[in-house]
Structure formats: structure tokens, C-alpha cells
Amino acid sequence: FSKQLSIQDADYLIECVQKLPEPYREVIALRFFEELNIEEIAEIIEKKQGNVRLLIHRGLQALRNIMKTPI
């Protein structure tokens, strides 16, 4: 998310993230909105770093699918 987003794009992105199941939504928010690293996220959600990486990966896949779906 390093590019500057328009307000409309940012609103759409947030709307799509909110549609994710809770575990994915939480790690995506911590990683990309709070800009925490994997180790910090693992500590917060009390999971191993490998599990956090997997949740982020699956969460991003789910987010891509949501964003492909027409409004």
C-alpha cells in the first residue's frame, strides 16, 4: 500500500477489508494499516510467526477475490 490512494480508492479498500473474516481482517489491518512487522503481529495475536505469514497470505488472496467481485 505504498502508493498514494485517492479518497475513493481508500474508502473502497477499507470497505473490502471489512468484508474479510475476522482473523484475516485483523492481520491485514495490523500489517498494512498499523505497519507492524510479522514478529509484532505474532506477539499481539499470540500465534507463531509462520501462522501470521499464512494468515496474511490467505487474507490478501481473499481480499483480491473480494475486490474482483463487481459492486
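The model is a predicted one.

H1 covers residues 7-18, twelve in number. From its first C-alpha to its last it reaches 16 Å, close to the 16 Å expected at 1.5 Å a residue. Three of its residues, Leu-13, Cys-16 and Val-17, are buried. Looking down the axis of H1, the buried residues fall within an arc of 100 degrees, so they line one face of the helix. An α-helix has 3.6 residues a turn, so residues three or four places apart point the same way. On the face of H1 turned away from its buried side are the exposed residues Ile-7, Gln-8 and Gln-18. The cover over the buried residues of H1 includes H2 and H4.

H4 spans residues 49-68 and has 20 residues. Its reach from first C-alpha to last is 29 Å, close to the 28 Å expected at 1.5 Å a residue. The buried residues in H4 are Val-52, Leu-55, Ile-56, Gly-59, Leu-63 and Ile-66. Around the axis they cover an arc of only 100 degrees, which puts them on the same side of H4. H1, H2 and H3 are among the elements that cover these buried residues.

The next topic is the nonpolar core. The largest nonpolar core has 18 residues, and those that touch the most other members are Leu-20, Ile-41, Ile-45, Val-52 and Ile-56. H1, H2, H3 and H4 are the elements that give two or more residues to this core. The most comes from H4, which gives five residues. Leaving aside residues up to four places away in sequence, Val-52 touches Ile-38, Ile-41, Ala-42, Ile-45 and Lys-47. Two of the residues named there, Ile-41 and Ile-45, are also listed among the core members that touch the most others.

Arg-25 belongs to helix H2. Its relative accessibility is 27%, so Arg-25 counts as partly exposed. With residues up to four places away in sequence not counted, Arg-25 touches Val-17, Gln-18 and Leu-20. In H1, Val-17 is buried, while Gln-18 is exposed on the face turned away from the buried side. With Leu-20 there is a polar approach as well: a polar atom of the Arg-25 side chain lies 2.8 Å from the backbone oxygen of Leu-20. Arg-25 and Leu-63 are 38 residues apart in sequence, and their C-alpha atoms are 9.2 Å apart in space.

Two glutamates in loops remain. Glu-35 lies in the loop between helix H2 (22-33) and helix H3 (38-45). Its phi is near 60 degrees, a positive value in a residue other than glycine. Because its relative accessibility is 65%, Glu-35 counts as exposed. Glu-46 lies in the loop between H3 and H4. Glu-46 is not a glycine either, yet has a positive phi of about 55 degrees. At 73% relative accessibility, Glu-46 counts as exposed.

Terms used
Residues numbered from 1 in each chain as written. Predicted model: local features only at pLDDT ≥ 70, side-chain atom pairs only at ≥ 80, totals over all residues. Heavy atoms only, no water. Helix = DSSP H or I, 4+ residues; strand = E, 2+ residues; numbered from the N terminus. Buried < 20%, exposed > 50% of the residue type's maximum accessible area, 1.4 Å probe, protein only. Expected span 1.5 Å × (residues − 1). Arc of directions from axis to C-beta. Contact = heavy atoms within 4.5 Å. Core = buried A, V, L, I, M, F, W, Y, C linked by side-chain atoms within 4.5 Å. Polar contact = N/O pair within 3.5 Å; in protein donor to acceptor, adjacent residues only side chain to side chain.
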